[in-house]
Amino acid sequence: MKLPNYELAVVPQRKMIQELDRVILTSDIPEYSLEEGDIGTVVLVHQGGKGYEVEFVTLDGETVAIVSLYSIQVRPIGRREIARSRLINL
């Protein structure tokens, strides 16, 4: 018996974010002076990636905030992205 030849759809998979990965914030969080595009480090993964504890620090190493975020609020850093800096009020 010959099986039909189905085309398989290729669905790009999002890279699994792990502890100590750097991530990019996808929306502003004004109560912590964080803006979309800020870069943080994952310090804890919740429920297999449904959420994360992310630490945001200044370029000289001062912690700005450690925030619990849903997976939709961060994304992995992609290839060929460039960082930039901004001043914040602590």
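Q: Which residue takes a positive phi in the hairpin of E3 and E4, and how many residues lie between the strands?
A: That's Gly61, with a positive phi near 100 degrees, and the hairpin has five residues between its strands. This is a predicted model, where local features need pLDDT of at least 70, side-chain atom pairs count only at pLDDT 80 or more, and totals for chains, interfaces and linings use all residues. Residues are numbered from 1 along each chain as its sequence is written, and side-chain values use heavy atoms, leaving out hydrogens and water.

Q: Why are E3 and E4 said to pair?
A: Strands (DSSP runs of E, at least two residues, numbered from the N terminus) pair if DSSP finds at least two bridges between them. E3 and E4 (residues 63-70) have seven bridges, in the antiparallel sense, so they pair. Across this pairing, Val57 stands opposite Thr63 in E4.

Q: What makes E2 and E3 a pair?
A: Five bridges join E2 and E3, and at least two are needed, so they pair as well. Their sense is antiparallel. Here Val45 stands opposite Tyr52 in E3.

Q: What happens in the hairpin of E2 and E3?
A: Four residues sit between the strands, and Gln47 takes a positive phi near 45 degrees.
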